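Hi everyone, thanks for making time this morning.

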Amino acid sequence: MHKDSGGERLTAMTNSTTILAVKHKGQVALGGDGQVTLDKTVIKNTAKKIRTMYKGKVISGFAGSAADGLTLYEKFEAKLEEYNGNLVRSAVELAKDWRTDKVLRRLEAMLVIADQEHLLMVSGNGDVLEPDDNIASVGSGSPYAIAAAKALVKYSELSASEIVKEALGIAASICIYTNDRISIETLP
């Protein structure tokens, strides 16, 4: 348990899932595990924390609070509509709102979003990051998933979706907040 910045309210410390995206060999794949935890207890094993957006042209995943992640999905989808599917502009505008809005800035989640051209991580600190190696991950198991994905990209002939599946499986075998109930969405 920890106190918020006001020092008055106690909340359970949350640990999150693992979301991984890989852009490789002309394919973009984004996957996530299905575990939902509250403190040290598994509440659900089969949650789906990834989805397609904007007429199937964008894929996204969140790690963090489920309600906060779903709220961010709604806000991001509205930005995609407003900016005609321009992923980068939509992400930047979401990050600006997220950082400055009194309600949004309290949201505890991170997003990984991708289309055929861009792979981005978006946070409430105003970060919109595009990794150099076309591998992005957020959540508790992300260091393990990234390490596995980097090795698989370099030393295997697997497709992007196969790399995501294998790397998330490796993360699940190491991270107690990640399970092996993996969902994957791809863009051809």
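Let me begin with burial: of the 188 residues in the protein, 44% are buried. Please keep in mind that this is a predicted model.

In terms of secondary structure, we have 4 helices and 13 strands. The radius of gyration is 16 Å, close to the 16 Å that the globule rule gives for 188 residues, so the protein is as compact as a globular protein of that length. If you follow the C-alpha trace along its principal axes, the span is about 55 × 40 × 25 Å.

As for the surface, the accessible area comes to about 9700 Å², and carbon and sulfur atoms account for 50% of it.

Now to the charges. There are 23 positive and 24 negative side chains, and the centres of those two sets lie 2 Å apart. As a reminder, side chains of opposite charge can pair when their charged atoms come close.

Next, have a look at helix α2, residues 87-100, which holds both Glu-93 and Lys-96. They are 3 residues apart, about one turn of the helix, and they form a salt bridge whose closest N and O atoms are 3.2 Å apart. Are these two partners buried or exposed? Glu-93 is buried because its relative accessible area of 12% is under the 20% cut-off. Lys-96, at 39%, counts as partly exposed.

Another pair is Asp-133 with Lys-150, where the closest N and O atoms are 3.0 Å apart. Asp-133 sits in the loop between β11 (128-129) and β12 (135-139), and Lys-150 in helix α3 (residues 142-155), so the bridge ties together parts that are 17 residues apart in sequence. Both partners are partly exposed: Asp-133 has a relative accessible area of 34%, and Lys-150 comes in at 42%. Salt bridges can also share partners, and here they join Lys-79, Glu-82 and Asp-97 into one network.

While we're on helix α3, let me point out Ile-146, which is found there too. Its relative accessible area is 24%, which makes Ile-146 partly exposed. Setting aside neighbours within four places in sequence, Ile-146 is in contact with Ile-135 and Ser-137. The C-alpha atoms of Ile-146 and Ser-173, 27 residues apart along the chain, are separated by 14 Å.

My last stop is Gln-35, in the loop between β4 (27-32) and β5 (36-38). Which side of the burial cut-off is Gln-35 on, buried or exposed? With 7% relative accessibility, Gln-35 counts as buried. Not counting residues up to four places away in sequence, Gln-35 touches a list of partners including Thr-17, Val-42, Lys-44, Ile-176 and Tyr-177.

That's my tour, and I'm happy to take questions.

Conventions
Residues are numbered from 1 along each chain as its sequence is written. This is a predicted model: local features need pLDDT of at least 70, side-chain atom pairs count only at pLDDT 80 or more; totals for chains, interfaces and linings use all residues. Side-chain values use heavy atoms; hydrogens and water are left out. A salt bridge is a side-chain nitrogen of Lys or Arg within 4 Å of a carboxyl oxygen of Asp or Glu. Helices (H or I, at least four residues) and strands (E, at least two) are DSSP runs, numbered from the N terminus. Buried means under 20% relative accessible area, exposed over 50%, partly exposed in between (1.4 Å probe, protein chains only). The radius of gyration is taken over C-alpha atoms; the globule rule is 2.2 Å times the number of residues to the power 0.38. Accessible areas come from the Shrake-Rupley method with a 1.4 Å probe; for residues, only the protein chains shown count as cover. Lys and Arg count as positive and Asp and Glu as negative; His and the chain ends are not counted. The place of a charge is taken as NZ of Lys, CZ of Arg, CG of Asp or CD of Glu. Contact means heavy atoms within 4.5 Å.
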